[in-house]
Amino acid sequence: MRILSGFLPATGGDVNIGGRDVSKQSLEIRRHIGYLPESCPLYPEMRVSEYLGYRARLKGLPRGRRKERIRTVLEMCGLLDVRRRVIGHLSKGYRQRVGLADALVHDPELLILDEPTIGLDPNQIREIRNLIRDLSGKHTILLSTHILPEVEAICERVLILDKGKIVASDTPENLAGIVSGSIRVVAEIKGLQSEIINTVKALPGVNNVSDRLEGAWVKLEVSGKLGTDLRQNIFQTVVENKWTLRELRTISTTLEDVFGALTSGDNRSRG
Amino acid sequence: MFVQLTLWRREMAAYFLSPIAYVSSIFFLLITGFNFYLVVGLFYSKEYTIPDVMEQLLSSPLFFWPTFLLIVPVLTMRTFAEEKHSGTIETLMTAPVTERAVVLSKFMAALAMFLCLWLPTSAYPFLLEVFSEEVAPLDIWPVASGYLGVLLLGMFYLSVGVLCSALTGSQVVAAIATYAMMGILFFGGLVHTYVAADLIREISLYISSFEHQQKFVRGIVDSRPIVFYASGTVLVLFATIRLLEGRRG
């Protein structure tokens with residue numbers, strides 16, 4: 001992230017943003033990106049509007065547009081109420097928003113956000129995510145994060161890096177499909193264990209069944225071919241055999257599974 | 001140029017939004033005021049001329065140098081070290097600004113603060129003229145050249161302080177490094193009194209801030225020290241800029 005934003009030189013390879021080389025046209029590129037570093041560093045002794053005014057001037061925003069832009073980003077980031085407050089007295093969530101407002105103030109084409117929700121409480125995280133989603137219409141946003149549900153919630157395209165190499169690049173949905181190649185269903189049924197297993201195994205589309213006893217209940221994990229809905233068949237079987245059913249759900253492959261499969265050095269599951 | 005002004009204003013604001021400006025100016029004025037009192041009241045209890053007093057205040061090893069050397073790192077230690085420590089250097093350097101603009105604006109702000117501190121002391125000769133019984137009219141030029149010396153010394157030593165601050169992420173380390181560098185420069189300029197070897201004597205005399213300032217305060221404006229301090233300042237600031245650029249690659 002620091003290399004992309006022109007803060008550090010690359011140890012190898014080169015970085016190209018919008019057709020320009022970052023190391024050679026650093027100044028020009030820095031005009032077009034808004035960067036929010038991971039730690040969100042700010043000057044604690046300045047007031048919010050003062051800070052944004054300084055940053056806007058620094059980024060070369062012409063005098064006429066400055067006031068209006070600052071007003072816009074204050075509004076976008078929900079900072080209007082605290083614009084007269086000293087940054088050092090603000091909560092972590094507000095500071096993060098000030099950082100984001102700073103990254104946005106010159107209306108950049110590319111926004112680079114390094115772990116924007118780290119250290120925030122769940123409400124603040126939701127607000128920041130909503131804000132990012134709103135922004136994605138107008139700006140290209142590059143977001144780095146270790147929080148995978150966050151990626152599922154807001155990203156349209158995912159790059160997974162392992163030891164500096166890109167191991168996957170696709171939409172979150174496609175990535176999930178690549179890794180699992182099957183759908184999985186969990187069912188909890190009361191009845192004779194061996195009978196249940198044999199019957200379920202015989203159902204069309206079922207590849208594999210694993211089971212565990214939980215008291216009187218048999219917990220099954222059934223995996224089947226992609227594109228079939230096993231739940232209907234399982235339910236009908238249960239009814240026909242007069243068993244009792246207390247849970248029936250599909251397990252969706254999360255990015256966490258994808259991430260684990262792609263970065264653990266385990267190539268077996270890669271489609 | 002516009003960006004540089006913006007950066008400079010932010011640096012000045014940083015001095016005045018933190019206690020540094022107030023604490024340092026209070027103590028600075030206390031010390032220089034007390035020195036003034038000592039020089040006038042005790043040192044020259046009977047007869048003195050205004051240039052005599054100003055010579056003491058602007059060049060003596062007792063009344064000038066400790067104050068001068070003490071104040072430099074106070075003004076420069078935070079310039080880069082604070083930004084590195086708090087991480088704001090990252091947002092600063094990823095904004096469309098050149099290293100040169102950043103270094104120059106920080107240096108100019110430190111210099112401006114430095115001059116603000118010395119400014120009130122320029123009232124002393126006029127105070128003396130109004131309130132003392134000394135008959136000779138005030139000769140303004142030795143006083144002016146004395147302050148020219150202070151400006152040149154300030155430029156050079158402050159640039160050293162800025163360089164030291166850019167080398168580290170800790171203000172304390174920056175201050176200590178600045179003291180060490182200034183110590184080498186200042187005492188290197190005193191070596192000539194103890195060493196007979198011609199070359200060392202020559203060099204020591206050439207870099208001797210102590211000797212330079214003594215000449216300036218007597219109204220002797222020599223071009224050599226002017227060139228020395230101006231080029232020294234440019235060189236040190238250039239090194240600071242290269243240091244920052246080197247990190248960017």
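Visitor: At what angle do α2(A) and helix α3 of chain A pack, and how far apart are their axes?

Guide: Happy to start there, with one caution: this is a predicted model. To read a helix pair, look at the angle between the axes, then at the residues that meet. Here α2(A) and α3(A), residues 63-76, pack at about 130° with their axes 10 Å apart. Angles over 145 degrees would count as roughly antiparallel, so this value makes α2(A) oblique to α3(A). The crossing in which α2(A) passes α3(A) is right-handed.

Visitor: Which residues make the contact of α2(A) with α3(A)?

Guide: From α2(A) come A:Ser49, A:Leu52, A:Gly53 and A:Ala56, and from α3(A) come A:Arg66, A:Arg69, A:Ile70 and A:Val73. Sorted by class, this contact has four nonpolar, two polar and two charged residues.

Visitor: Let me try chain B. How do the axes of α3(B) and α8(B) cross?

Guide: Helix α3 of chain B covers residues 50-59 and helix α8 covers residues 123-131; their axes come within 10 Å and cross at roughly 150°. These two helices are therefore roughly antiparallel to each other. The handedness of the crossing of α3(B) and α8(B) is right-handed.

Visitor: What meets what in α3(B) and α8(B)?

Guide: On the α3(B) side you will find B:Ile50, B:Val53, B:Met54 and B:Leu57, and these meet B:Tyr124, B:Pro125, B:Leu128 and B:Glu129 in α8(B). The class count for this contact is seven nonpolar, no polar and one charged.

Visitor: At what angle does α3(B) pack with α9(B)?

Guide: Helix α9 of chain B runs over residues 140-167, and α3(B) packs with it at about 5°, the axes being 10 Å apart. That makes α3(B) roughly parallel to α9(B). In this pair, B:Pro51, B:Met54 and B:Leu58 of α3(B) meet B:Pro142, B:Val143, B:Gly146 and B:Val150 of α9(B). The contact divides into six nonpolar residues, one polar and no charged. Notice B:Met54: this residue meets α8(B) and also takes part in the contact with α9(B).

Visitor: Staying with α9(B), is B:Tyr147 buried or exposed?

Guide: For burial, count the C-beta neighbours inside 10 Å. B:Tyr147, which is found in helix α9 of chain B, has 20 of them and so counts as buried.

Visitor: Which residues of α12(B) are buried?

Guide: Helix α12 of chain B covers residues 209-217, and its buried residues are B:Ser209, B:His212, B:Gln213, B:Phe216 and B:Val217. They cover an arc of only 125° around the axis, which puts them on the same side of α12(B). After this helix comes B:Gly219, with a positive phi near 90°.

Visitor: What should I make of a positive phi elsewhere?

Guide: The general idea is that most residues other than glycine have a negative phi. A:Cys40 has a positive phi, near 50°, and is found in the loop between β3 (33-36) and α2 of chain A. A:Asp107 also has a positive phi, near 55°, and is found in the loop between α4 (92-104) and β4 (110-114) of chain A.

Visitor: How many C-beta neighbours inside 10 Å does A:Cys40 have, and how many does A:Asp107 have?

Guide: A:Cys40 has 24 and so counts as buried. A:Asp107 has 15 and so counts as partly exposed.

Visitor: Where does A:Ile147 lie?

Guide: A:Ile147 lies in the loop between β5 (140-144) and α6 (148-154) of chain A. With 13 C-beta neighbours inside 10 Å, this isoleucine counts as partly exposed. Its C-alpha is 8.8 Å from that of A:Ile118, and the two are 29 residues apart in sequence.

Visitor: Finally, how many residues does each chain bring to the contact between A and B?

Guide: Chain A brings 22 residues and chain B brings 18. On the side of chain A that touches chain B, the elements giving two or more residues are α1 (26-32) and α2 (48-58). That side of chain A has 11 nonpolar, five polar and six charged residues.

Key: Residues are numbered from 1 along each chain as its sequence is written. Chains are lettered from A and ligands numbered from 1 in the order in which they are written. This is a predicted model: local features need pLDDT of at least 70, side-chain atom pairs count only at pLDDT 80 or more; totals for chains, interfaces and linings use all residues. Two residues are in contact if their C-beta atoms, placed from the backbone, lie within 7 Å. Helices (H or I, at least four residues) and strands (E, at least two) are DSSP runs, numbered from the N terminus. Ala, Val, Leu, Ile, Met, Phe, Trp, Tyr, Cys and Pro count as nonpolar, Asp, Glu, Lys and Arg as charged, and the others, Gly among them, as polar. A residue is buried if 20 or more other C-beta atoms lie within 10 Å of its own, exposed if 12 or fewer, and partly exposed in between; C-beta atoms are placed from the backbone. The arc is that of the directions from the helix axis to the C-beta atoms. Axes are lines fitted to C-alpha atoms, for helices over the stretch in contact, and angles run from 0 to 180 degrees between N-to-C directions. Angles under 35 degrees count as roughly parallel, over 145 as roughly antiparallel, 65 to 115 as roughly perpendicular and the rest as oblique. A crossing is left-handed if the near helix is turned anticlockwise from the far one by less than a right angle, and right-handed if clockwise.
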